[in-house]
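Me: I have a new model open and would like to go through it piece by piece. Can you take my questions as they come?

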Number of protein chains: 2
Amino acid sequence: MYKPKSDEEKVFLAEYDPDKYEKPSVTADIVVFTLDAKNSLSVLLIKRGGYPYKDCWAIPGGFVEMVESVDTAAARELKEETGLENLPITQIGTFGEVDRDPRMRVISVAYMAFVPKDSLCIKAGDDARDAQLFEVKNDEDGLVLVGERNVIKESELAFDHAKILRIALKRLRNRIDYTLDAFGFLKDNSSFTIYELKKIHEAVKLETEDTGNFRRDFLKKYVSTGLVENTGKKSQGTGSRAATLYRIKDPESFGSSEL
Amino acid sequence: MYKPKSDEEKVFLAEYDPDKYEKPSVTADIVVFTLDAKNSLSVLLIKRGGYPYKDCWAIPGGFVEMVESVDTAAARELKEETGLENLPITQIGTFGEVDRDPRMRVISVAYMAFVPKDSLCIKAGDDARDAQLFEVKNDEDGLVLVGERNVIKESELAFDHAKILRIALKRLRNRIDYTLDAFGFLKDNSSFTIYELKKIHEAVKLETEDTGNFRRDFLKKYVSTGLVENTGKKSQGTGSRAATLYRIKDPESFGSSEL
DNA sequence: GCAAAAGTGTTACCCGTACACCCATGC
DNA sequence: GCATGGGTGTACGGGTAACACTTTTGC
């Protein structure tokens, strides 16, 4: 907490006029990634109900309020859209072009979050909610977003959200190797198999990993460092050999920390 | 440019009231790195002339105006402080805690820039300008900034600028290996030696590089890829063997691009 | 000659990759 | 049995790190 150092300064602060200059609006937008039923990387989009870009799909977000930090605003938006709280969120950049929004000057701070598989109960065609998961694909000239019954190109997204989404994807693909982001996609981080984590890596990077190498990597990077531990239990009923179940040792300290 | 799709939308936009909600102020702050005479990594700080944090050292910055993008505001601040234009700038994060600034709600978007050695003509003790270079050092509990005749700890910086500076440093140290950031420190990117570039890497990473290995790296990463080319000339008057001079092939396209 | 930097060569080791192979489980 | 995934072994190759050594220039 800041303490003024003189009476003069107290007077200055008391009489300061915050409205001397015109100000922009600021939003916090959050790119929510998850894995869909087919283990493909998906993103949550909402259909805009009002102008501008009415009926366009957009990244969820909203205005930052005066009583909350920007990070808090992003977390609040995440909760409003998904019902999920206390997930680590990662800032990916701020977008501040003058004409981003036709209503007025809006600067957006973008974040991303990773949501456990199947934790979003958004049904296909559940149009009442106007929120939907889209599988993220690539074609020659950009992203393609594949919903249950609709396919859209990145250029159809509202505002500059195509740009935001592209940057989020790039960041995720970079970060997956040296952060704990991948664990955010796990259904249950206190009981998971190496195979599940491998599927997450494959979905994000869009390439298959070698089973043996991934296993050794996992043991070295996470288990031998004490971040993850063997539960002593085995999976069952999977239609194949029982696998060792692992858990994250200290879920509390599991922010968006780096290795 | 956005085009309304209906008359109804035109009316909506025309009648939209941007001042429905209270808004924060937004600043663009820029961390300016350079190498000092001793080839140590240094940062430009300015001494605050007014309240709050009067007489404290701070990262240069200023309010984003309504007619400029946030990136443009950062570039403008860079020019105002250093006189330098058209340098690549890199966004490093947005800082949006509620109480960052005792005057009012201020959200700061932080950038960093790299400035050629000796291009800043800030003399030590030139107090009229209130701007000074500080060598960046580390001690047990954080950054130490060493000026020509004063030494300050990170905790003495204004606002949350210690945090911003720490993040900038971290980013720079990561980025130096896979971006072209290092070239920004060169006095003349159309005539430089491998040794000069090596000194830059050493200043940033605070560790010495092996001559032979650095050389081979340089040739492989930059020369054989066509980013940098041999000028055919040799350095002279250095007190040691003449070195090959290299130049960046296409300085125009030399943004903060990644390799 | 000496110091400082330029430039070349060589070697040892680590690590990523690829691939082969056996094990366990459920259908 | 067969498909699927779990788990182990191993061998090759490339790249990095470490270091030795020669060359050139200015003082």
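**Around the DNA**

Me: Which residues come nearest to DNA strand C?
Reply: Of the 19 residues around DNA strand C, the nearest are A:Arg241, B:Tyr195, B:Arg215, B:Arg241 and B:Thr244. A residue is near a strand if one of its heavy atoms lies within 4 Å of it. This is a predicted model, where local features need pLDDT of at least 70 and side-chain atom pairs count only at pLDDT 80 or more, while totals for chains, interfaces and linings use all residues. Residues are numbered from 1 along each chain as its sequence is written, chains are lettered from A and ligands numbered from 1 in the order in which they are written, and side-chain values use heavy atoms, with hydrogens and water left out.

Me: What kinds of residues make up the surface near DNA strand C?
Reply: There are 4 nonpolar, 7 polar and 8 charged residues. Ala, Val, Leu, Ile, Met, Phe, Trp, Tyr, Cys and Pro count as nonpolar, Asp, Glu, Lys and Arg as charged, and the others, Gly among them, as polar.

Me: What part of DNA strand C is within 4 Å of the protein, sugar or phosphate, or bases?
Reply: Both. Sugar or phosphate accounts for 61% of those atoms, and bases for the rest.

Me: Which atoms of DNA strand C does B:Arg241 reach?
Reply: An N or O atom in the side chain of B:Arg241 is 2.9 Å from a base nitrogen of DNA strand C. That is a polar contact (a pair of N or O atoms within 3.5 Å). B:Arg216 has a polar side-chain atom 3.0 Å from a base oxygen of DNA strand C.

Me: Now DNA strand D. How many residues surround it?
Reply: DNA strand D is surrounded by 20 residues, and the closest are A:Tyr195, A:Arg215, A:Ser240, A:Thr244 and B:Arg241. They divide into 4 nonpolar, 8 polar and 8 charged.

Me: What does A:Arg216 do there?
Reply: A:Arg216 has a polar side-chain atom 3.0 Å from a base oxygen of DNA strand D. For B:Lys220, a polar side-chain atom lies 3.4 Å from a phosphate oxygen of DNA strand D.

Me: Which helices supply the surface near DNA strand D?
Reply: Helix 5 (211-223) of chain A and helix 5 (211-223) of chain B each supply at least two residues. Helices (H or I, at least four residues) and strands (E, at least two) are DSSP runs, numbered from the N terminus.

Me: Different topic. How many helices and strands does chain A have?
Reply: Chain A has 5 helices and 11 strands. The C-alpha trace of chain A spans about 70 × 50 × 30 Å along its principal axes. Of the 259 residues in chain A, 49% are buried. Buried means under 20% relative accessible area, exposed over 50%, and partly exposed in between (1.4 Å probe, protein chains only).

Me: And chain B: which residues of helix 2 are buried?
Reply: B:Val70, B:Ala73, B:Ala74, B:Glu77, B:Leu78, B:Glu81 and B:Thr82 are the buried ones in helix 2 of chain B. They cover an arc of only 145° around the axis, which puts them on the same side of the helix. The arc is that of the directions from the helix axis to the C-beta atoms.

Me: Why would residues three or four places apart point the same way?
Reply: Because an α-helix has 3.6 residues a turn.

Me: What comes just after helix 2 of chain B?
Reply: B:Gly83, which takes a positive phi of about 80°.

Me: Where is A:Leu206, and is it buried or exposed?
Reply: A:Leu206 is in the loop between helix 4 and helix 5 of chain A. With a relative accessible area of 53%, A:Leu206 is exposed. Its phi is near 60°, a positive value in a residue other than glycine.

Me: What joins A:Tyr51 and A:Pro52?
Reply: A cis peptide bond, with omega about -10°. A:Pro52 is in the loop between strand 2 (41-47) and strand 3 (57-58) of chain A. In chain B, a cis peptide bond joins B:Tyr51 and B:Pro52, and omega is about -10°.

Notes: Polar contact = N/O pair within 3.5 Å; in protein donor to acceptor, adjacent residues only side chain to side chain.
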